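Here is a friendly note to read alongside the model. Please keep the sequence and the 3D view open as you go through the points.

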Amino acid sequence: MTAADNDKKPLLRVRNLRKYFQQRSGVLKQHKQFLHAVDGVSFDIYPGETLGLVGESGCGKSTLAKALLRLYEPDAGAIEFDGESIFDSERRHKLGRAPMRKMRRRLQMIFQDPYDSLNSRHTIGDIIGEPLLVHGVGNRQERHAAVVALLARVGLGASSIDKFPHEFSGGQRQRIGIARAIALNPEFVVCDEAVSALDVSIQAQIINLLLELRSSLNLSMLFISHDLSVVRHLSDRIAVMYLGEIVELARADSIYHKALHPYTQYLIASIPKPEPDATIPQQSLSGEIPSPLNPPSGCRFHTRCPIAQHRCTAEAPRLEIVASDAGHQVACHFWDR
Ligand code: SF4
């Protein structure tokens, strides 16, 4: 499924989303700076689609996820879910507290650290049942039955209900986090590095569980990871993020076999066992990711790009659909070099 061949309306529509964080430095904290965490990001996610979002640690992926659900209040841009505006800075509109709470039934998040995201003093029954209680779903007995059914759905026994998070392994705790996220039958789930803290074999089990739930619940997803090889298993399309901006967005197979942006090519080449039929040239990348407090001028990638030219330091490339592959977007002056 791609934006190009999908005639459905997007479920989630994001335009020019921006989120900066103010920071103060100096002995008297007199210097004000802004950390450009998310800077003008636009994309759509279609019903039933999974968009993978990849990039190095610190590139703004998690801030973007939280801004989408307004766990961080965006500074600018627009977010629309199922045709309803959640936030629109141009129209000076944001969904009020009560309708946003109602909207959150439809939009859920699975967090990176399954231990930190579960209250250690609450039983598993209380943790999974909390969204049902908060949203006034069912009576006590019905909620208990719903929690038992949710535990079964994620592969855990009913005996787990009176236990505490520390009695479970990392993979089991992530299953509990997933059960909580699907308790209200959401249509859209953000998975923020949901398998990154797990061993490889457990990662595969959790990915298989997410695949099964996606298909049985017809979920749409934003699946965030720093690891392209993980994102591939779940994603219909993949967006690549660098220093707060999306630099490439395309169908998953196009990203893996026909990546056009030098940064994406670097990420593909860095996967430990690239596929033998991959045609991406090996590229090296120098230096660390620059500070988002002071992003480079022009193309933000120019300080590390192996093919940067003078134009790249002065002129920021726009994310544009390239003619060679409908729906394939890239932000690079020299993508067709
Ligand atoms: Fe590299 Fe220039 Fe393209 Fe940026 S615009 S990715 S610096 S070639």
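1. Is Arg304 buried or exposed? Arg304 counts as buried, at 5% relative accessibility. Here buried means under 20% relative accessible area, exposed over 50%, and partly exposed in between (1.4 Å probe, protein chains only).

2. A word on the source: this is a predicted model, where local features need pLDDT of at least 70 and side-chain atom pairs count only at pLDDT 80 or more, while totals for chains, interfaces and linings use all residues. Residues are numbered from 1 along each chain as its sequence is written, and side-chain values use heavy atoms, leaving out hydrogens and water.

3. The structure holds 14 salt bridges (a side-chain nitrogen of Lys or Arg within 4 Å of a carboxyl oxygen of Asp or Glu). In one of them, Arg304 meets Glu56 at 3.0 Å, N to O. These two residues are 248 residues apart in the chain. Salt bridges with shared partners also join Asp39, Glu245 and Arg300 into one network.

4. Now look at Asp44 and Arg15, whose closest N and O atoms are 3.1 Å apart in a salt bridge. Asp44 sits in strand E2 and Arg15 in strand E1 (strands are DSSP runs of E, at least two residues, numbered from the N terminus). Asp44 is buried, with a relative accessible area of 14%, whereas Arg15 is partly exposed at 25%.

5. Lys19 pairs with Asp75 in another salt bridge (3.9 Å, N to O). Lys19 belongs to strand E1 and Asp75 to a loop, so the pair ties together parts 56 residues apart in sequence. Lys19 is buried, with a relative accessible area of 11%, but Asp75 is partly exposed at 34%.

Technical notes: Helix = DSSP H or I, 4+ residues; strand = E, 2+ residues; numbered from the N terminus.
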